[in-house]
Amino acid sequence: MAKEEGTKLIAQNRRARHDYTIEDQYEAGIALSGTEVKSLREGRASLAEAYVSIDRSGEVWLEGANIPEYLNGTWNNHAPKRKRKLLLHAKQIEKLSRQIEAKGYTIVPLSLYFKDGRVKAGIALARGKHEYDKRQSLREEQDKREAQRAMRYKNLHN
């Protein structure tokens with residue numbers, strides 16, 4: 001079998017960019033079972049309620065991510081919402097654990113994707129936004145869209 005190349009997005013947590021200000025991003029590997037990988041190859045996953053935690057022993061876990069059972073799986077199928085271990089370097093884990101002790105910081109999963117045939121998770125150190133910050137960012141996005149639309153209209157009619 002030929003080795004896969006490039007990246008292919010499986011799932012994205014769009015809510016994270018709306019609810020949090022992203023400070024720093026990391027790429028982590030995930031320890032998965034075979035049926036989980038097969039389910040991900042079908043593009044079936046959700047990061048809607050997912051979060052990342054670091055336990056006392058210094059291990060990083062992805063919790064609440066939903067990878068549905070593999071449809072053609074047998075009795076040894078995986079549990080859809082089980083904890084999954086994230087694989088990071090020790091220095092990265094130490095840095096993250098120091099930073100989340102600071103007030104207002106958390107670690108959020110941004111995406112799941114295949115990179116050269118291996119499943120990776122994009123995680124980020126983030127700070128929660130206040131309600132007025134969310135409204136401000138929505139307003140800025142809307143203004144940017146309207147400006148793009150006006151530019152496109154002007155360029156078509158010249």
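These legends go with close-up views of a predicted model.

**View 1. R82 and E36 form a salt bridge.** Side chains of opposite charge can pair when their charged atoms come close. Here the closest N and O atoms of R82 and E36 are 2.8 Å apart. R82 lies in the loop between β4 (60-63) and β5 (84-87), and E36 in helix α2, so the pair ties together parts that are 46 residues apart in sequence. R82 is partly exposed, at 29% relative accessibility. E36 is buried, with a relative accessible area of 0%. A network of salt bridges links E36, R82 and R84. The structure holds 7 salt bridges.

**View 2. D19 pairs with R15 in a salt bridge.** Their closest N and O atoms are 3.6 Å apart. Both residues sit in helix α1 (residues 14-19). They are 4 residues apart, so about one helical turn separates them. R15 is exposed, at 51% relative accessibility.

**View 3. E94 and R98 form a salt bridge.** The closest N and O atoms are 3.2 Å apart. The pair belongs to helix α3 (residues 90-101). Again, being 4 residues apart puts about one helical turn between E94 and R98. E94 is partly exposed, at 49% relative accessibility.

**View 4. A patch of negative charge lies on the surface.** E140, E141, D143 and E146 gather here. One of them, D143, lies in helix α4 (residues 131-156). D143 is partly exposed, with a relative accessible area of 46%.

**View 5. S33 sits in a loop.** This loop runs between β2 (20-30) and α2 (34-41). S33 is partly exposed, at 28% relative accessibility. I54 is 21 residues from S33 along the chain, and their C-alpha atoms are separated by 21 Å.

Definitions and conventions
Residues numbered from 1 in each chain as written. Predicted model: local features only at pLDDT ≥ 70, side-chain atom pairs only at ≥ 80, totals over all residues. Heavy atoms only, no water. Helix = DSSP H or I, 4+ residues; strand = E, 2+ residues; numbered from the N terminus. Buried < 20%, exposed > 50% of the residue type's maximum accessible area, 1.4 Å probe, protein only. Patch = residues over 30% accessible without salt bridge, like charges linked within 9 Å, V, L, I, M, F, W, Y side chains within 5 Å. Areas by Shrake-Rupley, 256 points an atom, 1.4 Å probe, with all protein chains shown as cover. Salt bridge = Lys/Arg side-chain N within 4 Å of Asp/Glu carboxyl O. Lys, Arg positive; Asp, Glu negative; His and termini not counted. Charge placed at Lys NZ, Arg CZ, Asp CG, Glu CD.
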